[in-house]
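Here are my notes on this one, as numbered points. Have the viewer open while you go through them.

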Amino acid sequence: MTEGAGGGRRDRRGGDRGAGARHGGSRAPESFGRSFTTLGELAVEGASVSVAVRDLDGGDDLLSVDETVALPVAQVGALLLLVEVSAQIESGRLGALDELERLAGPGDRAALGGGGVWSYLQRRALAVTDAAALVGALRDPAAVNALVGRVGLDAVRARADGLGLVRTALLDEVRAERGPDDAPALAVGTAVELVGLMTRLTHGEVVDEAVSSRVLGWLSLGVDLSLVAGSFGLDPVSHRRFDHGLQLVNTVGVSPGTRSELGVLRGPAHGVAYAVTVAFDDLTLARRLRVVDALRSLGTDLLEHVH
């Protein structure tokens, strides 16, 4: 699959956005042929597509498409923030019930780019774990910024380095608009690093089992089933337990020209970790809907595989 328009943006490691994309590294077994084709059509039309699907038990890579290419992943990068928050709680550096002040009030919603619920609530202070739950459930921008303000981006970056993440990073706080002095994106990541991180979380290997379990608990509250997970038939606000043999933990990143999802899906036959990002020219609704349809085709393939 080829690089899309908009290339040339560099991540914090100095790599070009889309650099190193090689169709020859793509791999798709017969069971993922439908999504491989539909995502490939997006790439032919100029989108940048990066996908990785891994079996949770055997560790086999089931689908790989330009999985080492770093692309903007929007709020998916907040996963790194949640890992650092959980680690600081476990070490005692941060109290689970410590109060956080909302950094933007109702009059500043535009500065956050909309979304979330905290900026619409009357309470300006929440416990750390409540703010983390809002990030996991709703990728709440006010909660992201409050947690970044408390733990610091440097700590989040150091944690990512310690986890061996080379091209995946939370670059900044949430901003509605990015100027020339701001990071070009909220976060960047590669599918292979993200799917590896999710696999390690599932196995209790990110810092330790307690830290991993707490992060998965926050992510399990996620209500955004608009992309890949839209094919699973689950209740958006209640899918923490098995439903028709399925259990999902996922997080979604959305910004103009970016659709990204990272998750774990367990079923009666298999369990998989998956990461997919599409960076595209979001010029028309029809083009955006083609991206959504392609991501849901991946969801259909994942569903059939785990069932």
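**Notes on the model**

1. Threonine 168 is buried, at a relative accessible area of 2% (buried means under 20%, exposed over 50%, partly exposed in between, with a 1.4 Å probe and protein chains only). Threonine 168 sits in the loop between helix H6 (153-162) and S6; helices (H or I, at least four residues) and strands (E, at least two) are DSSP runs, numbered from the N terminus.

2. Before going on, the ground rules: this is a predicted model, where local features need pLDDT of at least 70 and side-chain atom pairs pLDDT 80 or more, while totals for chains, interfaces and linings use all residues. Numbering starts from 1 along each chain as its sequence is written, and side-chain values use heavy atoms, with hydrogens and water left out.

3. What does the side chain of threonine 168 touch? Its partner is the side chain of glutamate 193, through a polar contact of 2.7 Å (a pair of N or O atoms within 3.5 Å; within protein, one must be able to donate a hydrogen and the other to accept it, and residues adjacent in sequence count only if both atoms are side-chain atoms). A polar atom of the threonine 168 side chain also lies 3.2 Å from the backbone nitrogen of threonine 190.

4. Three strands make an open sheet in the order S3-S7-S6, with antiparallel pairing (strands pair if DSSP finds at least two bridges between them). Strand S3 (71-72) and strand S6 (169-170) are the edges, each pairing on one side only. S6 is joined to strand S7 (residues 187-189) by two bridges, and alanine 169 stands opposite valine 188 in S7.

5. The other sheet to check is open too, with five strands ordered S2-S1-S10-S9-S8 and antiparallel pairing. Strand S2 (61-65) and S8 each have a single partner strand, so one side of each is left without a neighbour in the sheet. From one strand to the next, the twist averages 5° (axes are lines fitted to C-alpha atoms, and angles run from 0 to 180 degrees between N-to-C directions).

6. Is S2 enclosed or open, then? It is largely enclosed by the rest of the structure, because four of its five residues are buried. Leucine 63 lies in this strand and counts as buried at 1% relative accessibility.

7. Four bridges join strand S1 (residues 48-55) to S2, and leucine 63 is the bridge partner of valine 53. Those two residues are ten apart in sequence and 5.0 Å apart in space, C-alpha to C-alpha. Five residues lie between the strands, and glycine 59 takes a positive phi near 80° in this hairpin.

8. Last, the second largest pocket, with a volume of about 230 Å³. A pocket here is an open set of points on a 1 Å grid over the protein atoms alone, where a 1.4 Å probe fits, with protein on both sides within 12 Å along at least five of seven lines; lining residues have an atom within 4 Å of a point. The volume is the space filled by probe spheres set on the points, which are joined across faces, edges and corners. Lining residues include Arg240, Gln247 and Arg266.
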